[in-house]
Amino acid sequence: MTQIEFIDLFKESFDDLESVIESDTLYKSLEEWTSMQALILIAHIDDTIGIVLSADDLKNSNTVEDLYQLVNKQR
């Protein structure tokens with residue numbers, strides 16, 4: 001999975017995303033980010049590419065790039 005594909009996957013997990021998402025986006029500072037959104041993102045990544053991120057993975061990450069790197073480690 002390329003970084004662009006992962007960013008698209010990240011965006012797909014939001015219903016009403018108005019923010020611009022790039023690799024250096026601090027996703028926890030997004031207006032649309034909530035604890036429910038975290039669960040939706042975890043489920044969406046699992047359903048789409050079969051990789052399970054934990055709540056700790058999200059807690060210990062800051063950017064979309066951080067999440068991308070975690071996904072690539074598990075591949």
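Which helix does Leu 67 lie in?

View 1. Leu 67 lies in helix α4. This is a predicted model, in which local features need pLDDT of at least 70 and side-chain atom pairs count only at pLDDT 80 or more, while totals for chains, interfaces and linings use all residues. Residues are numbered from 1 along each chain as its sequence is written, and side-chain values use heavy atoms, leaving out hydrogens and water. Helices are DSSP runs of H or I with at least four residues, numbered from the N terminus. Is Leu 67 buried or exposed? Leu 67 counts as buried because its relative accessibility is 0%. (Buried means under 20% relative accessible area, exposed means over 50%, and partly exposed lies in between, with a 1.4 Å probe and protein chains only.) Leaving aside residues up to four places away in sequence, Leu 67 touches Phe 6, Phe 10, Tyr 27, Leu 41, Leu 53, Asp 57, Leu 58 and Ser 61. A contact means heavy atoms within 4.5 Å. The C-alpha atoms of Leu 67 and Thr 25 are separated by 11 Å, and these residues are 42 apart along the chain.

**View 2. The buried side of helix α4.** Helix α4 covers residues 64-74. Its buried residues are Val 64, Leu 67, Tyr 68, Leu 70 and Val 71. They sit on the same side of α4 because they cover an arc of only 160 degrees around the axis. (The arc is that of the directions from the helix axis to the C-beta atoms.) What covers these residues? The cover includes α1, α2 and α3 (55-59).

**View 3. Two sides of helix α1.** In α1, Phe 6, Ile 7, Leu 9 and Phe 10 are buried. Their arc around the axis is only 160 degrees, so they lie on the same side of α1. On the other side of α1, Ile 4 and Glu 12 are exposed. The cover over the buried residues of α1 includes α2 and α4.

**View 4. Aromatic rings around Phe 10.** Rings of Phe, Tyr and Trp (its six-membered ring) pair if their centres lie within 6.5 Å; planes under 30 degrees apart count as stacked, over 60 as edge-to-face, and the rest as tilted. By this rule there are six aromatic pairs. One of them joins Phe 10 and Tyr 27 edge-to-face, at 6.0 Å centre to centre with 65 degrees between the planes. This pair links distant parts of the chain, with Phe 10 in helix α1 (residues 3-12) and Tyr 27 in the loop between α1 and α2 (35-49), 17 residues apart. Both Phe 10 and Tyr 27 are buried. Phe 10 and Trp 33 also pair, but stacked: 6.5 Å centre to centre, 5 degrees between the planes. Trp 33 is in the loop between α1 and α2, 23 residues from Phe 10 in helix α1. Trp 33 is buried, as is Phe 10. Phe 10, Phe 14, Tyr 27 and Trp 33 form one aromatic cluster.

**View 5. Gln 37 in helix α2.** Gln 37 is found in helix α2. Gln 37 counts as buried because its relative accessibility is 7%. Not counting residues up to four places away in sequence, Gln 37 touches Ser 13, Phe 14 and Glu 32.

**View 6. Ile 40 in helix α2.** Ile 40 lies in helix α2. Its relative accessible area is 35%, so Ile 40 is partly exposed.

Terms used:
The arc is that of the directions from the helix axis to the C-beta atoms.
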